[in-house]
Amino acid sequence: MVVKLDCAAFKRACGADPQAVVVQEHLMKHSSECADCDQFYQSMLALDVRLMQAFTVPVAQNSLDEQLSHVQHLSGSVAGIHQDDAKVVSLQAHKESANKNRTTKRPKQRFAWFGAAAASMLMVSFLFTLPTNNVAIAEDVIKHIHHEPNLLTLTEPMTSPAAIDMVLKQMGITQKSNEIKVLAAKLCPIKGQLSAHLVIQGEMSPVTLMIMPGNKTGTKSGNIDSHAFNGRFISSAAGNFAVVGNKLEDIDALKKQVNNSFQWNK
Amino acid sequence: MTEVQPSPNFDQFSMSFSADLYRYLLWLCKDPDTASDVAQETWIRAWRSWDKLRDAKAAKQWVLTIARREFYRILDKRRDHHYNLEDAMLSNPQHFVNEENDQVDQVRDALWELDDDYREPLMLQVMMGYSTEEIATAMDLKQGAVLTRLFRARKQLKDVLEKHNPDLGQVGKSELENFNNVTPFK
């Protein structure tokens with residue numbers, strides 16, 4: 001049974017949790033029927049993308065290593081942390097170089113966060129088949145997958161068909177066939193842009209399908225190959241797909257299924 | 001006393017969660033040195049009690065609870081010596097300058113203008129992916145209170161971002177009016 005909702009109640013719910021609009025049927029229904037509330041919902045999603053960017057402060061790998069080193073010492077574990085899919089960049093080199101060149105940017109003391117002086121990014125190694133523009137996006141995709149490892153253990157759908165449709169609609173995508181079984185769908189920011197994080201059923205295990213509308217940076221199709229995953233980047237003028245699964249998956253077969261199943265709306 | 005060995009999954013979990021936990025603590029502690037100290041203590045405590053963790057799926061929330069308690073414990077201890085979080089942040093200005101993206105800086109500045117009680121639930125929701133029920137449990141609040149804080153946090157952020165940069169907010173006047181006309185949760 002769908003509960004009737006007024007605009008004030010919708011905005012209250014959406015302002016508290018924009019993601020709830022995709023999950024709760026009565027919110028979804030109201031958003032699809034009220035243009036003003038739908039616009040409000042879009043503005044909340046846009047704000048959350050910026051918030052995610054702002055919250056995600058770069059952290060130094062050697063700082064993380066140090067935080068865990070005491071536990072490793074206690075447990076007698078082998079020293080040295082290897083974080084899967086990560087390559088460490090020297091923090092000290094960044095610090096020294098940045099301090100040398102630093103000038104006062106703003107007269108007011110502002111509480112902004114780590115820049116080149118204090119940060120080193122987790123790097124992902126990729127095959128050279130990926131053009132430069134793709135590497136940054138693919139890095140974000142892989143980081144995002146690591147951020148939500150529980151999605152890779154799904155055996156049953158956790159998102160309703162109506163919610164999946166809503167997510168696809170947000171992306172400007174139509175699902176043409178049911179060749180692919182979608183287990184989960186949610187909206188998330190990739191490289192500062194609202195994207196869709198889908199989990200689809202692969203041959204061996206759940207596979208990640210990222211849908212990123214628009215192609216302003218001119219990304220091109222290519223392969224994604226990291227320590228834990230292999231995948232394909234499918235680019236077009238309308239947007240990009242990233243199909244990423246474990247090393248045993250037949251990613252080319254999945255890529256074909258994705259092309260057959262999803263279509264960018266004109 | 002013999003130390004109990006942690007379960008085999010501890011290493012994997014700690015490696016996958018350490019970055020997110022540290023980020024959360026950076027925002028909570030406002031100071032990277034304190035955040036590192038709290039993170040270190042948190043992992044030690046988590047490791048020592050790892051065998052008591054009944055539900056592996058609750059690991060993140062469990063570790064975060066330890067982290068929050070540790071933060072407040074260290075804060076109380078330091079306050080005895082006139083330690084002030086804001087001063088700690090100001091004493092390390094070189095850590096808090098972001099030269100990469102002005103827009104991101106502006107949003108971060110707006111986040112710092114939020115009350116701690118509004119910023120934390122927003123951080124748990126947006127950055128850590130917590131549900132409102134999980135935030136309520138983590139912060140020992142009723143769910144209605146969490147929803148109100150989240151709503152007010154977003155409202156305040158929109159107001160601040162619009163004031164400093166009308167384009168950054170990308171929100172029309174009607175949306176702000178909508179926000180202002182909505183009654184928060186009881």
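This report describes selected features of a predicted model, chain by chain and element by element.

## Basis of the values

Residues are numbered from 1 along each chain as its sequence is written, while chains are lettered from A and ligands numbered from 1 in the order in which they are written. Because the model is predicted, local features need pLDDT of at least 70 and side-chain atom pairs count only at pLDDT 80 or more, whereas totals for chains, interfaces and linings use all residues; side-chain values use heavy atoms, with hydrogens and water left out.

## Chain A: overview and confidence

Chain A contains nine helices and eight strands, where helices (H or I, at least four residues) and strands (E, at least two) are DSSP runs numbered from the N terminus. Of its 266 residues, 50% count as buried; buried means under 20% relative accessible area, exposed over 50%, and partly exposed in between, with a 1.4 Å probe and protein chains only. Among the contacts in chain A with a separation of 6 or more, 59% join residues 24 or more positions apart, a contact being heavy atoms within 4.5 Å.

The mean pLDDT of chain A is 75, and 74% of its residues reach 70 or more; pLDDT is the predictor's confidence in each residue, from 0 to 100. Among the elements of the chain, helix α1 (residues 7-16) of chain A has the highest mean value (94) and helix α6 (residues 91-101) of chain A the lowest (40). Over residues 78-129 of chain A the pLDDT is below 50, although this stretch has 130 contacts in the model beyond near neighbours in sequence. Where pLDDT is low, the predicted coordinates should not be read in detail.

## Strand β4 of chain A

All eight residues of strand β4 (residues 206-213) of chain A are buried, so the strand is largely enclosed by the rest of the structure. Both faces are covered: A:Pro206, A:Thr208, A:Met210 and A:Met212 lie on one side, and A:Val207, A:Leu209, A:Ile211 and A:Pro213 on the other.

Strand β3 (residues 193-201) of chain A runs antiparallel to β4(A) and is joined to it by six bridges; two strands pair if DSSP finds at least two bridges between them. The two form a hairpin with four residues between them, and A:Val199 has A:Thr208 as its bridge partner in β4(A). β4(A) also pairs with strand β7 (residues 239-246) of chain A, in the antiparallel sense and over six bridges. There, A:Pro213 stands opposite A:Gly239.

## Aromatic rings

Rings of Phe, Tyr and Trp (its six-membered ring) pair if their centres lie within 6.5 Å; planes under 30 degrees apart count as stacked, over 60 as edge-to-face and the rest as tilted. By this rule there are 12 aromatic pairs over all chains. In one of them, the rings of B:Phe17 and B:Trp43 have centres 6.4 Å apart and planes at 90°, so the pair is edge-to-face. B:Phe17 lies in helix α1 (residues 9-29) of chain B and B:Trp43 in helix α2 (residues 32-48) of chain B, so the pair ties together parts that are 26 residues apart in sequence. Both residues are buried. Ring pairs link B:Phe10, B:Phe13, B:Phe17, B:Trp43, B:Trp50 and B:Trp62 into a cluster.

## B:Leu64

B:Leu64, in helix α3 (residues 59-79) of chain B, has 0% relative accessibility and therefore counts as buried. Leaving aside neighbours within four places in sequence, its contacts are B:Phe17, B:Leu21, B:Tyr24, B:Leu124, B:Met128 and B:Tyr130.
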